[in-house]
Amino acid sequence: MELSNIEPQIIWKNFSRLNAVPRPSKKEEKVIAFIKGFGEDLGLETTVDAVGNVIIKKPATAGMENRKSIVLQSHLDMVCQKNNDVNFDFETEGIKMEVDGDWVKAKGTTLGADNGLGVATIMSILESSDIPHPALEALFTIDEETGMTGAIGLKPGQLTGEILLNLDTEEDDEIDIGCAGGVDVTITQNYAAEAPKGQIVRIEVKGLQGGHSGMDIHKGFGNSNIITGRLLYKALEKQNIQLISIDGGGLRNAIPREAAAVVSVRNAQEFIEEVTGLKKEILEEFASVEPGIQINIESSTSSDQAISEEDSKKIILTLKSLHNGVYRMSPDVADLVEASNNVARVELKGGELKILNLTRSSVESSKDSVAEQLKSVAELAGMNVEFSGSYPGWKPKPGSEIVQLMEKIYTEKFSEKPHVVACHAGLECGIIGANYPEMEMVSFGPTIRGAHSPDEKANIPSAQKFWSFLKDILANIPQK
C-alpha cells in the first residue's frame, strides 16, 4: 500500500512531503526553508525568528473569532539513527518509508514520526478549508532532540495564543500534562598513547533494541556501553588491559544499541575464556527483553596506539561505576520515573576519551543529584566533567480548563477515559512555559513505537484516531 492511500490522506501526504526533506538536529536549514515556503504559499503570515523557529499564523474560521486562541506546536528536527548495515546519509537523503500492515516504518533508519507526524498534522490544519478552528499560531521549533535550543531561544511576546497544544507524545490514549527536565553531562580526558604490549582482542555488542532514553528507560533494555564495561571489568580480575579504542552508542537521547572495544592483553585466549563466562550470563539475563542481543569476543589485529594499563583501568572502573537507568521513581505519581541517566555515547580514539550522558528528572534537586554523582565518579578517576544544555521540567496542572475539556471529549468520543499522565521525556512545554507562564499547555499525539531507533514505527489507525480527536478539540475550544 502506498502512503498516499492511507487515511487521513492529508496527514500522510504532508508527512511524505516532510520526510523528503533532510532534517537532522542542528542541521535544519532545509526543513526551515521548506516550512517557511509552505506557509508563504498558503498566503499566511509566516516568520522565522532569530534561532530558526518558524511561526505561521492563521485567522479563526467564521464564527470562531471569540474563542481562545491556540498555539499548535511540534519540532522540525528528528533523531538520525540507522542500522550499521544500512548505507544512508541523513543530511542529503529523504527517509525511505514502507507500509507494513497497520504500521508505517522506514527502511533501516529512524522514521521521523517523532515529531514529523505532529508537524504534518499542523500543516494539514493550516492548509485545510473545511475544519473549524479558533485563531491559530503554528509554532515549528528546531533542535528539540539535541538541546531544545529552539524552545530556549523563543522570546517572550512572539506568541499571543492562550492555549498550547504540543503534538509530541507517543500513546494515543494519553493526555500529557507534565514532563522531565534534563541536563547533558559530558566526561572527557586525554591520555598519552603508547604501543600495545600484548595480543589484540575485539569485543562487540550489538542487536539491542535501543529506544528513547526517557520513555523507555524503565523497560530494562540493554545498554551496549554498560554491557561492554561489564565485560572489560570482568577481565580485570585476571590480567591487565590496555584500551586501544571504544566506539559505543550515538545520540544522548537514544539508548545505545551497539558498541565495540579493541584491547591489548597479555594472553588473548585466557581473556576470551574469562569473559565468555560472563557473556553467557548476560545473554541469559537479557534473553526475554533483548532477544536479538549478540556478543562477539575474538582475537583481532590493530595498528593503532593504546593507552597505559593504569589509565585503561581508570576508564573501565568509571564505566562500571556510572549510574545508568532509573535513579528514582516518583513518590507522588504512580509508575512515573522521576530521575534517570543514560550513558549514551562512549568514544575512545587516539587517547581521547569522551562519555556523553543525558540526565533527566521531573524534580530539579534529583536531577542535580544524579548529575553530581556522575561528576563525582568521573573526577575521582581524574576526568573532566561539563554540565550543559540544562532545561526545566513541566509542572502538571491537572485542573486546567483545556485538560478537562479534552478528557470530556475523549471519553464521549471513544467510550473510555484517557490516561492523564506526566512523562519522563523532555517536552518543550516546560521551557516555553517559562516565558509564557499564563499559557495552558497539553501534549498528546498518535501511537509511535521504537522512537529514536531504526525500529521506529507509526500506527495507522492511531493516526486516524488522533486526527479526529484534534479536530473535535479545535471545534470546541471555549470562549475567551
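**Entry 1: the largest pocket**

I looked up which strand gives the most to the lining of the largest pocket, and it is β11, with 4 residues. I note here that the model is predicted. β11 covers residues 199–206. I then listed the strands that each supply at least two residues of this lining: besides β11 they are β12 (241–249), β13 (259–265), β18 (352–361) and β19 (384–391).

I looked up the volume of the largest pocket next, and it is about 880 Å³. Its lining has 45 residues. Nearest the centre I found Gln 81, Gly 250, Leu 251, Arg 252 and Asn 253. I sorted the lining by class and got 14 nonpolar, 14 polar and 17 charged residues.

**Entry 2: the second largest pocket**

I turned to the second largest pocket, whose volume is about 740 Å³. I found 35 residues in its lining, and those nearest the centre are Glu 171, Glu 174, Met 215, His 218 and Lys 219.

Which strand has the largest share of this lining? I found that it is β20, with 3 residues. The strands that each supply at least two residues are β8 (174–176), β20 (419–421) and β22 (448–449). By class, I recorded 15 nonpolar, 10 polar and 10 charged residues in the lining of the second largest pocket.

**Entry 3: helices α1 and α3**

I moved on to packed helices, which are described by the angle between their axes and the distance between the axes. For α1 (residues 9–19) and α3 (residues 113–127), I read an angle of about 120° and axes 8 Å apart. Angles from 65 to 115 degrees count as roughly perpendicular and those over 145 as roughly antiparallel, so α1 and α3 are oblique to each other. I noted that α1 passes α3 in a right-handed crossing.

I looked up which residues meet. On the α1 side they include Ile 10, Trp 12, Phe 15 and Leu 18, and on the α3 side they include Leu 117, Val 119, Met 123 and Glu 127. By class, this contact has 10 nonpolar, 4 polar and 3 charged residues.

**Entry 4: helices α9 and α11**

I checked α9 (residues 401–414) against α11 (residues 460–475): their axes come within 10 Å and cross at roughly 125°. That makes α9 oblique to α11. I recorded the crossing of α9 and α11 as right-handed.

From α9, I listed Ile 402, Met 406, Ile 409, Tyr 410, Lys 413 and Phe 414 in the contact. From α11, I listed Lys 465, Ser 468, Phe 469, Asp 472 and Ile 473. The residues of the contact of α9 with α11 divide into 7 nonpolar, 1 polar and 3 charged.

Conventions
Residues are numbered from 1 along each chain as its sequence is written. This is a predicted model: local features need pLDDT of at least 70, side-chain atom pairs count only at pLDDT 80 or more; totals for chains, interfaces and linings use all residues. Side-chain values use heavy atoms; hydrogens and water are left out. Axes are lines fitted to C-alpha atoms, for helices over the stretch in contact, and angles run from 0 to 180 degrees between N-to-C directions. Angles under 35 degrees count as roughly parallel, over 145 as roughly antiparallel, 65 to 115 as roughly perpendicular and the rest as oblique. A crossing is left-handed if the near helix is turned anticlockwise from the far one by less than a right angle, and right-handed if clockwise. Contact means heavy atoms within 4.5 Å. Ala, Val, Leu, Ile, Met, Phe, Trp, Tyr, Cys and Pro count as nonpolar, Asp, Glu, Lys and Arg as charged, and the others, Gly among them, as polar. On a 1 Å grid over the protein atoms alone, a cavity is a set of points where a 1.4 Å probe fits but cannot get out, and a pocket is an open set with protein on both sides within 12 Å along at least five of seven lines; lining residues have an atom within 4 Å of a point. Grid points are joined across faces, edges and corners, and a volume is the space filled by probe spheres set on the points.
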